[in-house]
Every structure is written in C-alpha cells, then in structure tokens.
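This briefing is for a reader who is meeting the structure for the first time. Please look over the sequence and the model before going on to the notes.

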Amino acid sequence: MVTNSGSDKVFNIIVDVILAIFALIIILPLLHVVSCSFSSPESVYRGEVFLLPKNFSLRCYELVLNRSDIWIGYRNTIVYTVIGTVIAVSVQMAAGFALSRADLPFRSLMNVIFILTMFVSGGMIPTYLVVRALGLLDKMWAV
C-alpha cells in the first residue's frame with residue numbers, strides 16, 4: 001500500500017481542481033449549444049437559454065434535416081471514408097509485405113523514401129498545383 005505525504009495530497013488536490021476547471025470550460029459551452037439546439041429559435045434570439053432548453057422544440061433539427069445538401073454531405077463522408085480506407089489499407093498492406101522481404105532490391109532506399117514523405121510534405125500550395133495539373137479539382141479523387 002502506497003501512502004501519500006502531505007505535499008502529495010496538496011499536489012493531487014491542485015491537479016484535481018485544475019482538471020475540474022478545464023472540464024467545466026469544455027462542458028459548459030457544449031451544454032449551452034445542445035440546449036440552444038433543443039430550444040425554440042425565439043428563446044435563443046432573446047437570449048433566454050443558458051444551460052437548460054427553454055420552450056423545447058425540434059424545429060432546428062427539422063430545418064437542418066430537410067436540406068438536401070446535408071444528406072449529400074453525409075453521403076460524401078461515408079463514401080470517402082469507405083473508399084479511402086479500402087484503398088489505403090490495400091496499398092499499405094502490399095507495401096508492408098514487400099518491405100518485409102529481406103531480399104527486396106533497394107529496400108533501404110524505399111524505407112527512407114516512405115519515412116521521409118510521412119514526416120515532410122510539399123505543402124499546401126504544391127499539393128494544390130499538382131491536383132490542378134492532374135485535372136482533379138472538385139473531384140472525389142483529389143481527397
């Protein structure tokens with residue numbers, strides 16, 4: 001059994017208080033946004049909503065979910081995630097298998113190239129120029 005000295009107890013109390021303050025800094029605005037989303041728009045406009053919903057309403061959700069561009073965004077998110085994951089896992093699996101072979105020519109060089117490009121990218125502007133040159137602007141494959 002470990003016993004804490006007096007200074008350890010004081011330290012733990014200070015850390016707990018600081019963490020509680022940080023938690024409140026994060027939780028209170030989040031709770032306010034959720035309360036506003038479940039309140040009537042008029043109550044939000046008048047500033048009557050703080051932590052609990054006022055004049056409960058689902059009208060905001062109704063307005064948002066009736067927009068077609070929201071559903072297009074959800075579809076794009078799912079498609080990009082599924083296709084991106086399948087492609088990334090397939091390519092990484094093939095590269096990992098190839099690089100695991102001790103008899104692969106230029107294995108060390110390829111490892112250095114892979115590691116270097118993971119840590120150092122060309123930047124946003126060169127990436128944009130390459131995507132534009134390949135004709136991929138506003139295309140799914142640019143992602």
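Helix α5 has 13 residues, which at 1.5 Å a residue should span 18 Å, and its end C-alpha atoms are 19 Å apart, so the two values agree. The model is predicted.

- F106 is found in the loop between α4 (68-100) and α5 (107-119).
- G122 belongs to the loop between α5 and α6.
- G122 is exposed, because its relative accessible area is 64% and the cut-off for exposed is over 50%.
- Between the C-alpha atoms of G122 and C60 there are 42 Å, with the two residues 62 residues apart along the chain.

**Aromatic rings**

- The model has three aromatic pairs.
- F38 and F56 form a stacked pair, because their ring centres are 5.7 Å apart and their planes stand at 10 degrees, where stacked requires planes under 30 degrees apart.
- This pair links distant parts of the chain, 18 residues apart: F38 sits in the loop between α1 and α2 (41-45), and F56 in the loop between α2 and α3 (59-65).
- F38 has a relative accessible area of 25% and is therefore partly exposed, whereas F56, with 58%, is exposed.
- F38 and Y61 form a tilted pair, because their ring centres are 5.2 Å apart and their planes stand at 35 degrees.
- Y61 lies in helix α3 and F38 in the loop between α1 and α2, so this pair ties together parts that are 23 residues apart in sequence.
- Y61 counts as partly exposed because its relative accessibility is 35%.
- F38, F56 and Y61 are linked by ring pairs into a cluster.

**S57 in the loop between α2 and α3**

- S57 lies in the loop between α2 and α3, and F56 is in that loop as well.
- Is S57 buried or exposed? S57 counts as buried, because its relative accessibility is 16% and buried means under 20%.
- Leaving aside neighbours within four places in sequence, S57 is in contact with S37, F38, S39 and S40.
- Among these contacts of S57 is F38, which also pairs with F56 and Y61.

**Positive phi angles**

- Most residues other than glycine have a negative phi.
- F106 is not a glycine, yet it has a positive phi of about 60 degrees.
- F106 counts as exposed, because its relative accessibility is 65%.
- D138 is not a glycine either, and it has a positive phi of about 60 degrees.
- Where is D138 placed? D138 is in the segment after α6 (124-133).
- D138 counts as exposed, because its relative accessibility is 83%.

Notes. Residues numbered from 1 in each chain as written. Predicted model: local features only at pLDDT ≥ 70, side-chain atom pairs only at ≥ 80, totals over all residues. Heavy atoms only, no water. Helix = DSSP H or I, 4+ residues; strand = E, 2+ residues; numbered from the N terminus. Buried < 20%, exposed > 50% of the residue type's maximum accessible area, 1.4 Å probe, protein only. Phe/Tyr/Trp six-rings, centres within 6.5 Å; stacked < 30°, edge-to-face > 60°. Expected span 1.5 Å × (residues − 1). Contact = heavy atoms within 4.5 Å.
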